[in-house]
Amino acid sequence: MQNKIFNTVVVVLSTCVFVSFFIFSHGLNSLILEMKMLDFHWVILAIFCMLLFWICETVILYIITLTLYRSPSLLLKSIKVAMIGQFFSAITPFQSGCQPAQLYIMTENGMPAGNSGSILMIKFIIHQAMLTLYSIIVLIFAFSYFNSKITYFSYFCVFGFVVNTLIILCALLFAVNNKVTKKALWYVLSGLGKIKLVKSPQTKFTELELELVSFHENAAFIAKNISTCVCASFLTLLQWTAYYTIPYCIYRSFGFDLAYIWTMIAAQVFLTMFMSFIPLPGATVGAEGGFYMVFGLFFKGNTIIPALFLWRVITYYSCIGVGALFSLIPNSKIENIDVH
């Protein structure tokens, strides 16, 4: 409960600071005037890229779930689970609330915890693997350019890459090693028992052991479905390419056209790596500071501040707003719509 209150306070305060900063540093009238002068064809394209990001998230979840568990209205359920994941990812540190919230919703929809955990773990591993692949490609071809222009760039970059690599290695170990999974589960339940959130850790652990068997069986099963994994991997690359393209669309909306799209995609990849180790919801402060530092290379004059404002609204606050709306939809409403 305290963590929820803290995260909510951080998000609300950061939103207030975010809006206040742009109003007082740039002037509300000036900000509105500059927004009116934008080429809205490019702004609409940036918004479409964010929509494509959400669509890919839904389809990836849907096709992996379809391999392990079929249920009525699965596509609609996948939309809700995907968007609730976006919401809790945005309001928790390190995006840590995404998978637990999705697991809860999936089990509320009647899916066994073992199946739900397997689906989310496989999706997470594919997600991290594609992010790591993207990062490696960008490091090879664009590192020297940004390192020559940004102070201490190499330290931030290497640290972010190491963090993301460690995350995927831990996820793989957790998925394939039953002993590691059991130990991790016991430590979590024991910790929750000490703070009185779980009444009987041993009883709960015994109940979940059966689900763990299902979890590892399902994880091994879906790993054999190469076509599903390849399709999910391709969609993940498409998803993140759409997301990484948003700053370029914003750049073009200001009338600039000197920077190459690949260079700005690489800049967003590096920024995403930086943001991964900021321990606040939405990587608050780090995201804004990182955008100013990295994309200040491309935006001229006073355009960097309005560009930052537009980027943050499209990529972050939209997830909170739209995700919150989906979290208010009762499961019964979806169950009554029979869509396969």
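Start with Glu-57 and Lys-123. Their side chains form a salt bridge, 2.7 Å from N to O. This is a predicted model, so read that distance as computed. Glu-57 belongs to helix 3, residues 40-68. Lys-123 belongs to helix 6, residues 113-147.

How many salt bridges does the count come to? Two. The other one joins the side chains of Glu-288 and Arg-312, at 2.9 Å, N to O. This pair also links distant parts of the chain, with Glu-288 in helix 12 and Arg-312 in helix 13. Helix 12 covers residues 286-295, and helix 13 covers 304-327. The separation here is 24 residues. Again, Glu-288 is buried, and Arg-312 is buried too.

Stay on helix 12. Which of its residues are buried? Ala-287, Glu-288, Gly-290, Phe-291, Val-294 and Phe-295. Now look down the axis of helix 12. The buried residues fall within an arc of 165°, so they line one face of the helix. An α-helix has 3.6 residues a turn, so residues three or four places apart point the same way.

Next, the nonpolar packing. The largest nonpolar core holds 61 residues. Phe-146, Ile-250, Phe-295 and Phe-299 have the most contacts inside it. Which elements give two or more residues to this core? They are helices 3, 4, 6, 7, 10, 11, 12 and 13. Helix 13 gives the most, with 12 residues.

Phe-146 then contacts Phe-153, Thr-263, Ala-266, Ala-267, Phe-270, Val-294, Leu-297 and Phe-298. One of those, Val-294, is on the buried list for helix 12. There is also a second, separate core, with 21 residues. Its members include Leu-74, Met-111, Leu-120 and Ile-126.

Leu-120 brings us to a helix pair. In helix 6, Leu-120 is among the residues that meet helix 5. Helix 5 runs over residues 98-108. The axes of helix 5 and helix 6 come within 9 Å and cross at roughly 145°. The crossing is right-handed. On the helix 5 side, the residues involved are Gln-99, Gln-102, Leu-103, Met-106 and Thr-107. On the helix 6 side, they are Ala-113, Ser-116, Gly-117, Ile-119, Leu-120 and Phe-124.

One more site: Ala-242, in helix 10. Why does Ala-242 count as buried? The cut-off is under 20% relative accessible area. Ala-242 has a relative accessible area of 5%, so Ala-242 is buried. What does Ala-242 contact, leaving aside its neighbours within four places in sequence? Cys-49 and Leu-52. Ala-46 is 196 residues from Ala-242 in sequence, yet the C-alpha to C-alpha distance is 8.6 Å.

Last, the whole chain. The protein chain has 14 helices and zero strands. Of its 340 residues, 49% count as buried. Now take contacts between residues at least 6 apart in sequence. Of those, 76% join residues at least 24 apart.

Key:
Residues are numbered from 1 along each chain as its sequence is written. This is a predicted model: local features need pLDDT of at least 70, side-chain atom pairs count only at pLDDT 80 or more; totals for chains, interfaces and linings use all residues. Side-chain values use heavy atoms; hydrogens and water are left out. A salt bridge is a side-chain nitrogen of Lys or Arg within 4 Å of a carboxyl oxygen of Asp or Glu. Helices (H or I, at least four residues) and strands (E, at least two) are DSSP runs, numbered from the N terminus. Buried means under 20% relative accessible area, exposed over 50%, partly exposed in between (1.4 Å probe, protein chains only). The arc is that of the directions from the helix axis to the C-beta atoms. A nonpolar core is a set of buried Ala, Val, Leu, Ile, Met, Phe, Trp, Tyr and Cys residues joined through side-chain atoms within 4.5 Å. Contact means heavy atoms within 4.5 Å. Axes are lines fitted to C-alpha atoms, for helices over the stretch in contact, and angles run from 0 to 180 degrees between N-to-C directions. A crossing is left-handed if the near helix is turned anticlockwise from the far one by less than a right angle, and right-handed if clockwise.
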